[in-house]
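Colleague: I am new to this one. Can we go through it together, a question at a time?

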Amino acid sequence: MWRCETMSYLRMFIPNEAAHAFVDEIGRRGVMQFVDMNPNQQSFQRRYIKSITACNDVKRMVDAIRSFLDTYDVPHAEDTNFIDCPPVTPTLIESTCATVRQYYGRLVNDFTVAKELKEQLTTEQELEDVLDKSSALLDGSASAARAQLMSDAAQAGFQGLLSDVEAGHGREPVSFRFFSGVLNKVQRPTLERQVFLASRGNAYVVFFDIQHPTKEAFVIFFLGFVLEKRLTKLCHVMSINIYLQPENEGAMPQRLVECRKRQAEVREALFRTESQLKHDLFGVSSLIGTWDRILSQSRAIYSTLNLFKANDSAQMMQAEGWVPSSDQLLVREALSRALAAKGFSASNNPSVIQDIDFSARQGELTPPTFFRTNKFTSVYQSIVDTYGVPRYGELNPGVLTIVTFPFLFGVMYGDVFHGSMLFLFSLWMVLNEKKLQNGPMDEFFGAAFHGRYVLVLMGFFATYCGLIYNDFTSLPLRLFDTGWNEHTQTFDAVYPFGVDYVWYGTDSEMAFLNSLKMKMSIVIGVTHMCVGVVISLFNHLHFGNTVDVFCEFIPRIVFIGSFFGYMVFVIIYKWCLDWAALGTHRAPSLIVTLINMVLGFGRVGSDNDQFDPDPPVPLFDSQSSVQKLLITLALCAVPVMLFPKPLVLWFLHWKKQRADAVSAYHALAAEPRQDGEVQQFVADEPPVEHEHFEFGEHFVHQMIHTIEYVLGCVSNTASYLRLWALSLAHARLASVFFGKLVSDNYDSAVGIYVGFVFFASATFGVLMGMDVLECFLHALRLHWVEFMNKFYNADGVAFDPFSFLTLNKQE
């Protein structure tokens, strides 16, 4: 995984008869990424677009059949065996499409009939309810409504109501009328409001329940034919069914008997139709998975065949694509099987496979990047690929990410209790992955299960760093005897592992732990960045960029080592010395040392040291000389990064131009004339075209990279202090939760019970949930920005082979 697989570019000439079988064989192996040989053709101009359209149409039929199965709760299984299934031949595709169309036509017909019968049954049931309940309702309510409406009309002198009712009916008497229907319950407020507005309050509406849970019946009483037309039109606009009107009021008992008779007939027809439909659906349920798989494979095969270039005169098809060099044998094997399936033998094999040297066509062909991963390394590789795919041949940072990513997380999340909980949870998912991956998962647990191999190392390193910090949810662990001597008030021995628990609970706890974690962050950060700079050296050597080795890597490593590397050396050197044994309790300050190194050009100490009774001692002999040398190297590295590379590139370009001109001169001079004389070079010959070189563009580009690197070393080092900040935040949160919710309630049984409930909720909600995500994102940023920008181009193209396994994942 350090570098991607070596890729080969193959060109193949395949007989038309065997092309379909060849693509089918490649799809089962998943080792070749085909290149589009018809880039200038639109999709509708492709050779197999009609076959793809036909498959899409049949696929929609299969989806409709699946919806029928879901409607009637008929179980059906999906066919995910995309690899070991029978070959997908054109004959199989045609027969499958014909079978699907046949079943689809029959099922759609039965489903439509069943739907119409259900609607008819619903209508008859609503009519029965209306007829059954309206008869009793009309006997009592009709007379009351008639009296109420006529009273209102008489009191108004018929000026409002009768003027509307009798408009256009001057000689016709005012009649009392009504009609009844069924509506959805959600339509009731709207109908009441619209009836009131349409009749100006001169209509009387009565509602009553029916058997349907979401519907109810109504009766509207009013005067005159004009309101009848207006209110009937209103019901039609609102899609409300009207079942009963005054014209057929007298035949209500007879209509009720006829309605019940029709219901019995419709139920019988619906039962038979649904029985036949379910019988057909159960027969289809065992076939639909196979149909779906065949159609998905056929669409993928035809889409891939559209990438081929057809030569109808030679009855051959040309295909080109990328293959891992170690998998070329699989491609040849797939072609041999496809040819054998079509009756071609070794003696009459017309196919040709050519391995093209793509190094001469680098501007035209860009090889894809492919890493062979497993279920453990694929998760870490996806972290890198999310930022950008490595360039072909570039060193893969995914290998280092396996260790550095969970380690940086552990530095920020270091806690024995929380780290071990995270480790045990992720270890449980790893040990039960076969059982869990086949079960239902929500979005949160699915994301955790997908990253289980990252979480298990994150939990391990969090526990490890928690042991170094000696932190168990803000409580120190007394694993070893302390090295502190109470009588002499000094440390007599070194604590075997991690931080001595005696520091916790003292006045200097925060100062000591903050100093320790801050300096650890700087050491880890500078080391991490230096590893990135060293990786750039391997990339330069791999690609043969000698100019970048001398003009970028060397000045960069000198710059970061002269100042930031020296800072790390000072930190570790101070840790290794017993300053009390040296006769002083005041070690030189790291910040003062670095400030004097830069501002005082390597000076040790300050002018005020002569007034200090206990001035800090130098770190080592000749410290001032060493610091002057280092600061000089750092300052000289900046112009070396800036100026030489553009000049060297300009010189190499000029040298190449001159060599090309000399070669062209000799080639022209050696070309013979028609009369046998040697043609002489003339000045008016067209000049040889050369690649354009813009010195100013290269210089500005190099200046930007130099400024970015110099300032980035400072800002990136400061950015690694987030390791200290998040570790401090985690420790303080754990201390507050435990102190306020548990330890402060020791005197009360109820208090300790209630406090523990809140403590567990805060622990799992904040520290095990939000804080894990926060530390994960910060570790991700440190890799993507601070580490990878030292060497990572991330402009590669991922290898995307044609494989039926991707269809399985999509399905």
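Colleague: Is Cys 4 buried or exposed?
Modeller: Keep in mind that this is a predicted model. The cut-off for a buried residue is under 20% relative accessible area. Cys 4 has 10% relative accessibility, so Cys 4 counts as buried.

Colleague: And Cys 576, buried or exposed?
Modeller: An exposed residue has over 50% relative accessible area. Cys 576 has 60% relative accessibility, so Cys 576 counts as exposed.

Colleague: How many disulfides are there?
Modeller: The rule asks for a pair of cysteine sulfur atoms within 2.5 Å. By this rule, the count of disulfides is zero.

Colleague: How many residues of strand 1 are buried?
Modeller: Strand 1 has nine residues. The rest of the structure largely encloses strand 1, because the number of its residues that are buried is eight.

Colleague: Which strand is joined to strand 1 by nine bridges?
Modeller: Strand 1 has five bridges to strand 9, and these two run antiparallel. There, Phe 13 stands opposite Val 352. Ser 8 has its bridge partner, Val 323, in another strand. The nine bridges, again antiparallel, go to strand 8.

Colleague: Where do the buried residues of helix 9 lie, seen down its axis?
Modeller: Helix 9 covers residues 328-341. Its buried residues are Gln 328, Val 331, Ala 334, Leu 335, Ala 338 and Leu 339. Seen down the axis, they fall within an arc of 130°, so they line one face of helix 9.

Colleague: Which exposed residues sit on the face turned away from the buried side of helix 9?
Modeller: Start from the buried side, which includes Val 331 and Leu 335. The face turned away from it carries Leu 329, Ala 340 and Ala 341.

Colleague: Which residue takes a positive phi just after helix 9?
Modeller: Helix 9 has 14 residues and reaches 20 Å from its first C-alpha to its last, close to the 20 Å expected. Just after helix 9, a positive phi of about 90° is taken by Gly 343.

Definitions and conventions:
Residues numbered from 1 in each chain as written. Predicted model: local features only at pLDDT ≥ 70, side-chain atom pairs only at ≥ 80, totals over all residues. Heavy atoms only, no water. Helix = DSSP H or I, 4+ residues; strand = E, 2+ residues; numbered from the N terminus. Expected span 1.5 Å × (residues − 1). Buried < 20%, exposed > 50% of the residue type's maximum accessible area, 1.4 Å probe, protein only. Arc of directions from axis to C-beta. Pairing = 2+ DSSP bridges.
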